[in-house]
Amino acid sequence: MHANPKALVINYEKCTGCRLCELVCSVHHHGVSNPAKSRIKVEKWEWEGLYIPMSCKQCIDAPCMNVCPVKAISRDEILSRVVVDHNLCIGCRSCVAVCPFGAMGFDPVEKKVFKCDLCDGDPKCVYFCDEKAVDYVEVSREALLRKREAAEKIAQAHRRAVELMSEI
Amino acid sequence: MALSRRIAYIDLSTGKIETKPIPIEMRRKFLGGRGLDAYLLYNHCEKGIDPFSPENPLIVSAGLLVGTLASATSRTHVMAKSPLTGMLGSCNMGGFFAPELRWAGFDHLVIKGKADKPVYIWIHNGEIEIRDAKNLWGKSVTEAQWAVREELGDPDVKCLVCGPAGEKLVRFANVMTGIKNAGGRTGMGAVMGSKNLKLIAVRGTMDIKIAYPKEALEFNKRFIEQITTAKVNQTMGILGTPFIWGATNSWGGVRVNNFQYNQLLYADDVEPERFHEIANETFGKYHMAGCFACQVHCRARYRIPDGPYKGCYDEGPEYTTQGAFASEVGCTSALTVLTGNYLCNQYGVDWLELGSLIAWAMELYEKGILTIRDTGGIDLRFGNDEAVIEMIKHVCERDTWLGDVLAEGGLKAAEIIGRDSIKYLIHVKGMQNLHSDERPTPALALNIATASRGSDHLRSRPAIDLYHLPEPVLRKIYSNPVPYDGPLSSDFRSYEGKAWQVFWQEQCFMAVDSLGICKYHTTFLGATLPNFEDWTKVIYYNTGLEFTPQELWTIAERCNNMERLFNIREGLTPDDPFKGDILVDRYFTEPTKRGAPDVIGTCIDREKFLKMREEFYRYHGWDEKTGAPTEETLIRLGIDNEPSHLL
Ligand code: SF4
Ligand code: SF4
Ligand code: SF4
């Protein structure tokens, strides 16, 4: 097992909403510009200027992995990621339905599920994001705390959005 | 493939929709975006038509590199005959509409006719539908967009929309997308309104194949570094465009009280730092936002800090808003600028035009040409913040006499108001100047006088002329990709070599507008930013098309000449006070009263100006007297048989 596994950490407050990450992710993996094929997607609440990049959390106890009936999904502990074996995958899309973050995608043309593979340890989204709103860092205690803080802010933002909606 | 995007012809009168591929030869001649739009407009717009008639084609497009890896490939271009000037109507905006249009399968839309009731166009993955817009009509720019997303059940739908100002045919209404991205200038939103077209909604998940993905990715990274390390863009990324207003005001280059002064005093509350502070306080530390794939991020997110719109979310302001609702109207309040910004974004109107018109009306009021009876009881004094906000609403709603008159644009309004009013109007070709004062800067004066869409800073402004760059540096920039060994001067007050700089910048801007890249990513405000050579590389890596920098330059020349042909057909002659390449008299007769020592007391020397203009025509291959492209020039550029009706 890798001593200090790294993870994608998202600091949504820094995100400028430019979607360059979506562009480079799809070009890197498919040679095409197409956000529908990106593993990262910036969710926007434009009317309040809120942009939240969403991608795979590489869960330890991954729902996608647990639900897969043919065990096509497994954990790669070296890069601390969850990977899909396309030779085993039967395209049932159970993983797509069960991922709590919407991070498992499905390509209707290729008929394949796809997810973030951390670009094999050299994440293109991070390489291109000048703001480092997505970053690739060692999962130290600090990082976990930061994530918790960020999540709390997301939750607050959701509450604010709900309040705003109920006012209308 | 990036080059496989189609063109769609949509007739709103008959409901007929036709699509065609865009032949590669057309790409090689006109690229896409603004360049190909110019070809389409010249071919689809009959001479002399009423801009509000169904025959006026509304052309919407994405540039050649939109959606690809070339940094900030976000730009939408829109063209039609302008209801404001009766000449070339043309505007460009960032945001996320153009890439979505390409993912949905299209590059150019030519929309003709007029729907018998409000409609919107829905474009998704190669399909186009015309749909009922009963529920959208009357809605503000943002309300309409959120409502159509709800109707279509997809939060990722992107829209190009006209606001209430466009519906009411305010002749300088914008097309808009998102919160603030605006195709301002020349009233393209009013053309939408005249067609009963509220909005174009797009959503696409189709691949844009990148020719050489690995190289495109790596080159893009270098490109971005070149762009983000430029000092000007770093400042832009923190303060947004307001920093330009601040810098310009400091030496005396902004119009104040219409055209009476050239520097705003007591301006602390409208300095860029103040807006930065407000955005920090009302939104947070990380408040800058970017357009598609852009790492400059010049757009501030903020909430209105006070007043009747307190708490409303908006983006901006821009340096043009500071000009429109501070310096030109003699106001010094951040709140007025931010409120004006918000109202204009919601109504969908060009604040450059509007602020400038309000400032003009204020001077008329000061001179007694307009009275309190004409203004409907508004005390239209310079510096009256409330009056400015009131006038914004009255013009956009056309609900008072003066509001309705100003909504017609400067030239028509001057005709209605009469007396000496035209003398005070600051315009070129019937389009108002932005907030800048070009009296100390001959290059910028020539730029606004000859810009193809009327007084404008985004067609040919060699802004780095203001930096006092050493001559060798200037030479390096301006003798590429075509040789130039004439004079160049580091002094912005000089007339030497300025015609060439304006000419150069004109080709530079045409190239980026046709590629669909933002101008802040090009040699404009920064001397080290990308230009022709870099673009040939990004074009190649992304699309596989090969050009030399010289070829790209020639394409830009060709496209600029198409615009010129359109304007000439609509009646442009060099000295025509309403349709010409000429400044209003005040530029020549009233010296500046404020500013830095080398700026105070200057005005444009008419004779030198006219000589400079002749020189500029000569570089273009235009007749020095008529300003029209010579037969030789048209043959050289291969456009001697236009209109050729190939598309
Ligand atoms: S590249 Fe960075 S700033 Fe841009 S959208 Fe992605 S995470 Fe946000
Ligand atoms: S796809 Fe979803 S469930 Fe699977 S590891 Fe990623 S975030 Fe977890
Ligand atoms: S790490 Fe790679 S695969 Fe994952 S979201 Fe970023 S670019 Fe896409």
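Helices (H or I, at least four residues) and strands (E, at least two) are DSSP runs, numbered from the N terminus. The model shown in these figures is predicted.

**Figure 1. Helices and strands of chain B.** Chain B holds 24 helices and 18 strands. Its radius of gyration is 23 Å, close to the 26 Å that the globule rule gives for 647 residues, so chain B is as compact as a globular protein of that length. The C-alpha trace of chain B spans about 60 × 60 × 50 Å along its principal axes.

**Figure 2. Burial and contacts in chain B.** Of the 647 residues in chain B, 69% count as buried. Among the contacts of chain B with a separation of 6 or more, 69% are between residues 24 or more positions apart.

**Figure 3. Surface and charges of chain B.** Chain B has an accessible surface of about 20,200 Å², and carbon and sulfur atoms account for 51% of this area. There are 72 positive and 82 negative side chains in chain B, and the centres of the two sets are 2 Å apart.

**Figure 4. Order of elements in chain A.** Five helices and nine strands make up the elements of chain A. Read from the N terminus, their order is β-α-β-β-β-α-β-β-α-β-β-α-β-α. With a radius of gyration of 16 Å, close to the 15 Å that the globule rule gives for 168 residues, chain A is as compact as a globular protein of that length.

**Figure 5. Burial and charges in chain A.** In chain A, 46% of the 168 residues count as buried. The mean positions of its 24 positive and 23 negative charges lie 3 Å apart.

Definitions and conventions: Residues are numbered from 1 along each chain as its sequence is written. Chains are lettered from A and ligands numbered from 1 in the order in which they are written. This is a predicted model: local features need pLDDT of at least 70, side-chain atom pairs count only at pLDDT 80 or more; totals for chains, interfaces and linings use all residues. Side-chain values use heavy atoms; hydrogens and water are left out. The radius of gyration is taken over C-alpha atoms; the globule rule is 2.2 Å times the number of residues to the power 0.38. Buried means under 20% relative accessible area, exposed over 50%, partly exposed in between (1.4 Å probe, protein chains only). Lys and Arg count as positive and Asp and Glu as negative; His and the chain ends are not counted. The place of a charge is taken as NZ of Lys, CZ of Arg, CG of Asp or CD of Glu. Contact means heavy atoms within 4.5 Å. Accessible areas come from the Shrake-Rupley method with a 1.4 Å probe; for residues, only the protein chains shown count as cover.
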